[in-house]
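Subject: A structure for you to look at

Hi there,

Here is the structure I promised to pass on. Have a look at it first, and then read my notes below.

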Amino acid sequence: MIVKEIIVVEGRSDTEAIHRALDADTIETNGSRVSKRTIRAIQHAQARRGVIVFTDPDYPGERIRKIVSSAVPGCKHAFITRREGRGAANESLGIEHASPRTILHALEKVYTQFEEPEEQISMQTLRSLGLLGGKTSRALRERLCDQLNIGYANGKQLYKRLRMFQIAESDLIQALDAIRSEE
């Protein structure tokens, strides 16, 4: 697999994990306090080759994703699940714990962020599908996010990601049908 874009990761361990999976260039944010210098480097990379934001499936990773996305329009996004990023008992979640196969799979299924996304799926639709406000909504959302490969999301984040990545209602229904057929 060849990735022309530069992959934005949190740190050196993530870069090492990426390199175990494939030969790709990375920019490390060195934590959730993304410096102006790092943002400028990411903007330059986006203009020259494009970037893929590939951060840990946790709060700091999500914070970095938001900072980079707002400063660098048109980013692509790759995600792993919390399960795929789980390390040993006392380790945090992270790309560095993902297998090379998991990393390649995530990079094959990148999403491009749209600048001014139109609403494809309303909050009411999410509610009627059981993804918001119900006793089993969280578990269903987690399975849906895994199925769509968009990273863990609470209800509000799910709505934003579906809109940001312009996921059609038909794709959402198809993913839910696949989940329900597994049960």
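This is a predicted model: local features need pLDDT of at least 70, side-chain atom pairs count only at pLDDT 80 or more; totals for chains, interfaces and linings use all residues.

How are the rings of Tyr 111 and Phe 165 arranged? Their centres are 4.8 Å apart and their planes meet at 25°, so this pair is stacked. Tyr 111 belongs to strand E5, while Phe 165 sits in the loop between H7 and H8, so the pair ties together parts that are 54 residues apart in sequence.

The count of aromatic pairs comes to two. The other one joins Phe 79 and Phe 165 edge-to-face, with 6.0 Å from centre to centre and 70° between the planes. This pair also links distant parts of the chain: Phe 79 is in the loop between strand E4 (76-77) and helix H4 (100-108), and 86 residues separate it from Phe 165. Phe 79 is buried too, like Phe 165. Through these ring pairs, Phe 79, Tyr 111 and Phe 165 are linked into a cluster.

Arg 82 lies over the face of Tyr 152, at 4.2 Å from the ring centre.

In H7 (residues 155-164), the buried residues are Gly 155, Leu 158, Tyr 159, Arg 161, Leu 162 and Met 164. Their cover includes H3, strand E5 (111-112), helix H5 (123-128) and helix H6 (137-148). At the start of H7, a side-chain oxygen of Asn 154 comes to within 3.1 Å of the backbone nitrogen of Lys 156. Just after the helix, Gln 166 has a positive phi of about 55°.

Now to helix H2 (residues 36-48). Which residues of H2 are buried? They are Thr 38, Ile 39, Ile 42, Ala 45 and Gln 46. These cover an arc of only 120° around the axis, which puts them on the same side of H2. On the other side, Lys 36, Arg 37, Arg 40, His 44, Ala 47 and Arg 48 are exposed. Covering the buried residues of H2 are, among others, strands E1 (6-9), E2 (26-28) and E3 (51-53), as well as helix H3 (59-71). Just after H2, Gly 50 takes a positive phi of about 90°.

Enjoy exploring!

Best wishes

Definitions and conventions: Residues are numbered from 1 along each chain as its sequence is written. Side-chain values use heavy atoms; hydrogens and water are left out. Buried means under 20% relative accessible area, exposed over 50%, partly exposed in between (1.4 Å probe, protein chains only). Helices (H or I, at least four residues) and strands (E, at least two) are DSSP runs, numbered from the N terminus. The arc is that of the directions from the helix axis to the C-beta atoms. Contact means heavy atoms within 4.5 Å. A polar contact is a pair of N or O atoms within 3.5 Å; within protein, one must be able to donate a hydrogen and the other to accept it, and residues adjacent in sequence count only if both atoms are side-chain atoms. Rings of Phe, Tyr and Trp (its six-membered ring) pair if their centres lie within 6.5 Å; planes under 30 degrees apart count as stacked, over 60 as edge-to-face and the rest as tilted. A charge sits over a ring if NZ of Lys or CZ of Arg is within 6 Å of the ring centre and within 35 degrees of the ring normal.
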